[in-house]
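I opened the model today and kept short notes. Each entry says what I looked up and what I found.

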Amino acid sequence: MSSQPSLLARPATGHPQVRRSRLRIGDGFLAGAIGLRARPVRAALSALGIAIGIAAAVAVLGISAFSKANLLAQLGAEGNLLTVTAGQSADGSAAPLPLTAEGMVGHIPPVQSVTAVGLVSGATVRRTAAVPVVDSGGISVMAAQPSLLATLGGSVARGTFLNAANGNYPAVVLGAAAAQTLGIDQVPLGTQVYLGGRYFTVIGILRPVPLAPEIDEAALVGFPVANSLLELGGHPTELYLRATPEQVPAVASVLPFTTDPAQPEGVQVSRPSAVLAARAAAKTAFTALFLGLGAVAVVVGGVGIANIMVISVIERRAEIGLRRALGGTRRHVAAQFLAESVLLSLLGGAAGVALGALATAGYAVTDKQPAVIPPTAVAAGIGVAVAVGALAGVYPAARAARMAPAEALR
């Protein structure tokens, strides 16, 4: 007999071992991408809801960010501006300040600059004398000093501002809103308006002054001509002043007694930067509202993705059965459909971030401000999209994994 061992006597340990099937993460996402590519129109429509929601959120956060940056810049530059006004007279108009008010305030050590304006009561501004008085557009007439723009931080858009020479003649400078109301955007030689019963030559148009909106809606003339032709009387009705930033509260506390020692209780002191802070708070409320609407759109998009994935599981029963028959486990099938849902939502999130960034840039260009896209908004948009896609794919993936191979192939 042969001494060679029989094949039947081979030890049990010699049988080949069956290796466990594995699905790498990259292969799972590749399979999900193939599934999406097979139905591109459906995938695009499914991702649209996520894209709209993320785009709205990114745009709102971007616009809010550059608005906040602009506001902080204004607060930093204009936070030391104070205004001083008197109470109202018997007819409801602004009461005049003492003639000595400007000089007294200028002697306060922390005050860096001070300028006065005087409201000319009863004067109207019209394009011509033929325009009815009732159609004056609500433009006020103010006497101003040459130092007004330097104190307010304003600038001239067209022409020139009042100075020691033209302030003695019937010359007028229009605020930004007043010029728009009168339909004047250029100041060629000979441009005139009918002011206080006579024609004044327009010599300049101002850019908007955020902290003094009353200047935007006013026609400014020099104090000498306002006294001689418009009967102002030389009394200012409001003071604008700059103080050392660290001393603003201290200066504000002594201004009523310095401006009008006889009636300090009638003097009102305000800080225009507080108006900007209130405006910022109002914008924050609207930001929260729009973010809520964006969140609703994202949730609706997630529900749409879940619905589409359930339909996809039903339509691809044969594919699921074949994959299971070839050795795919339930975990593999679940991972494939979960990856498909995450990829679908991720594509929508990426598109939404791009659309939101474009919307922010467009708004910044129209507002002539630098665009600011917060990195946190981009990261949050992508993260929310992935999370929504994962949640939306849990049920469809579990349903696909529960299918029996034989039943799916039948």
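How are H10 and H11 oriented to each other? I first noted what I was working with. The model is predicted: I took local features at pLDDT of at least 70 and side-chain atom pairs at pLDDT 80 or more, while totals for chains, interfaces and linings use all residues. Residues are numbered from 1 along each chain as its sequence is written, and side-chain values use heavy atoms, with hydrogens and water left out.

Entry on H10 and H11. I looked up helix H10 (residues 317-325) and found that it packs against H11 at an angle of about 140°, with the axes 9 Å apart. Axes are lines fitted to C-alpha atoms, for helices over the stretch in contact, and angles run from 0 to 180 degrees between N-to-C directions. Helices (H or I, at least four residues) and strands (E, at least two) are DSSP runs, numbered from the N terminus. H10 and H11 are therefore oblique to each other; under 35 degrees counts as roughly parallel, over 145 as roughly antiparallel, 65 to 115 as roughly perpendicular and the rest as oblique. I then listed the contact (heavy atoms within 4.5 Å): Glu 319, Ile 320, Arg 323 and Arg 324 of H10 meet Arg 330, Val 333, Gln 336 and Phe 337 of H11. These residues divide into three nonpolar, one polar and four charged. Ala, Val, Leu, Ile, Met, Phe, Trp, Tyr, Cys and Pro count as nonpolar, Asp, Glu, Lys and Arg as charged, and the others, Gly among them, as polar.

Entry on H11 and H12. I found that the axes of H11 (residues 330-366) and H12 (residues 375-401) come within 7 Å and cross at roughly 150°. That makes H11 roughly antiparallel to H12. The residues of this contact divide into 19 nonpolar, five polar and one charged.

Entry on strand E8. I looked up which strands pair with E8 (residues 198-206); a pair needs at least two DSSP bridges. E5 (residues 156-159) pairs with E8 in the antiparallel sense over three bridges, and Arg 158 stands opposite Ile 205. E6 (residues 171-174) pairs with E8 in the parallel sense over four bridges, and there Leu 174 has Ile 205 as its bridge partner. E7 (residues 192-195) runs antiparallel to E8 and is joined to it by four bridges. In the hairpin of E7 and E8, two residues lie between the strands, and Gly 196 takes a positive phi near 60°.

Entry on confidence. The protein averages a pLDDT (the predictor's confidence in each residue, from 0 to 100) of 81, and 80% of the residues score at least 70. I found the lowest confidence in helix H1 (residues 25-37), at a mean of 63, and the highest in E6, at 97.
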